[in-house]
Amino acid sequence: MVNLVALQKPLLQGLMKMAGVKPYTVEIEPGTVMNFWVPKETLKKPKKGEKPEIISKPNKPVVVLIHGFAAEGIVTWQFQVGALSKKYSVYVPDLLFFGGSTTDKPDRSPTLQAECVSTGLRKLGVDTCTVVGFSYGGMVAFKMAELYPELVRVMVVSGSILAMTCSVSEETMKRLGFESSSELLLPSTVKGLKALLSVAAHKKLYFPDRLHKDYLEVMFTNRKERAELLEALVIDTKDPNIPKFPQRIHLLWGENDQIFKQELAHNMKEQVGANATFEGIKKAGHLVHLERPCVYNRYLKRFLASLNKVGAQN
């Protein structure tokens with residue numbers, strides 16, 4: 001029987017190409033490759049049988065969209081790429097063990113993800129960028145900003161935290177009714193996927209069981225490695241060290257987020273300091289960019305436009 005989700009992937013990839021981005025695989029180092037969707041104008045059109053190659057740096061301000069744990073890059077950001085690509089050079093990486101990105105290293109930390117994305121961006125000719133991170137991708141984005149402040153000038157974070165401590169992980173799983181983050185984020189049954197969607201979305205989403213089953217088969221691959229990513233995400237300390245971020249950080253949140261509640265975002269804003277701002281989007285949960293994409297895009301573009309005004313004044 002045909003997998004309906006697999007059938008839709010070429011359609012989504014075609015829409016992304018129409019929006020101005022194409023896939024390109026970067027060798028980070030021997031044994032580690034990362035897939036990126038990159039602005040098509042930076043690629044040389046390959047002859048038949050040849051691979052594309054990078055021929056130019058981006059010619060517009062760069063926005064990097066980093067996905068969460070339940071889907072790869074263009075599935076997560078399918079409603080944002082086209083909305084941004086006219087005014088910005090949009091890059092969408094697939095983190096390690098998502099969308100064809102792999103490594104033979106045993107390290108599964110967010111730090112490795114941040115290093116690989118940053119190295120990949122530099123190899124693609126990106127000097128500075130704004131990073132937009134969702135959920136797990138937000139934690140990777142925070143690590144990128146900490147390690148590479150000359151690369152990451154601005155951050156937008158949705159549904160994420162600085163670091164997943166044992167206390168936050170245990171409290172969150174207990175409140176949501178799950179034994180572990182793997183049980184929540186790596187469902188193996190239709191029932192488990194429905195449970196994930198019920199806590200991630202504000203409004204109840206209805207899909208037939210067939211579609212849930214197909215999604216599990218296509219999107220939840222590399223289960224062993226992803227379980228290791230979740231295990232490496234949790235740090236054994238009550239209060240993580242808060243880096244002094246020089247970047248502007250904008251927290252763009254679904255007001256009904258049940259996984260990382262709005263209170264966590266406000267606390268994080270206070271921890272990060274004067275460079276942080278917060279905006280909430282009503283009637284949206286953890287999947288705010290998918291539930292209310294038009295509102296999310298409007299808020300995001302307004303914030304990005306404000307950066308250009310500040311830059312012009314300076």
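Which strand holds His250?

His250 sits in strand E12, which spans residues 248–254. The model is predicted. His250 counts as buried, because its relative accessibility is 4% and the cut-off for buried is under 20%.

Two side-chain polar contacts involve this histidine. One joins the side chains of His250 and Thr277, at 2.6 Å. The other runs from the side chain of His250 to that of Glu279, at 2.9 Å. For a distance across the model, take Val218: it is 32 residues from His250 along the chain, and the two C-alpha atoms are 32 Å apart.

## Salt bridges: a link across the chain

How many salt bridges does the whole structure contain? The search finds 14. Side chains of opposite charge can pair when their charged atoms come close.

One of the salt bridges joins the side chains of Lys57 and Asp127, with an N to O distance of 3.0 Å. This pair connects distant parts of the chain, 70 residues apart. Lys57 belongs to the loop between strand E4 (53–54) and strand E5 (62–66). Asp127 belongs to the loop between helix H4 (110–123) and strand E8 (129–134). Lys57 is partly exposed, at 48% relative accessibility.

## Salt bridges within helices

Helix H6 covers residues 166–176 and holds both Glu171 and Arg175. Their side chains form a salt bridge, 3.2 Å from N to O. The two residues are 4 apart, about one turn of the helix. Glu171 is partly exposed at 43% relative accessibility. Arg175 is also partly exposed, at 30%.

Helix H9, residues 209–219, contains Glu217 and Lys213. The closest N and O atoms of this salt bridge are 3.0 Å apart. Why are Glu217 and Lys213 separated by about one helical turn? They are 4 residues apart in helix H9, so about one helical turn lies between them. Glu217 is partly exposed, with a relative accessible area of 47%. Lys213 is partly exposed as well, at 44% relative accessibility.

## Cysteines

A disulfide is a covalent bond between the sulfur atoms of two cysteines. How many disulfides does the structure hold? The count is 0. Cys116 is in no disulfide, and the nearest cysteine sulfur, that of Cys129, lies 15 Å away. The cut-off for a disulfide is 2.5 Å between sulfur atoms.

Is Cys116 buried or exposed? Cys116 counts as buried, because its relative accessibility is 4%. Cys166 is partly exposed, with a relative accessible area of 23%.

## Ser169 in helix H6

Ser169 lies in helix H6, the helix that also holds Glu171 and Arg175. Ser169 is buried, with a relative accessible area of 12%. By contrast, Glu171 is partly exposed.

Which residues does Ser169 touch, not counting those up to four places away in sequence? They are Met164 and Val234.

Notes. Residues are numbered from 1 along each chain as its sequence is written. This is a predicted model: local features need pLDDT of at least 70, side-chain atom pairs count only at pLDDT 80 or more; totals for chains, interfaces and linings use all residues. Side-chain values use heavy atoms; hydrogens and water are left out. Buried means under 20% relative accessible area, exposed over 50%, partly exposed in between (1.4 Å probe, protein chains only). A polar contact is a pair of N or O atoms within 3.5 Å; within protein, one must be able to donate a hydrogen and the other to accept it, and residues adjacent in sequence count only if both atoms are side-chain atoms. A salt bridge is a side-chain nitrogen of Lys or Arg within 4 Å of a carboxyl oxygen of Asp or Glu. Contact means heavy atoms within 4.5 Å.
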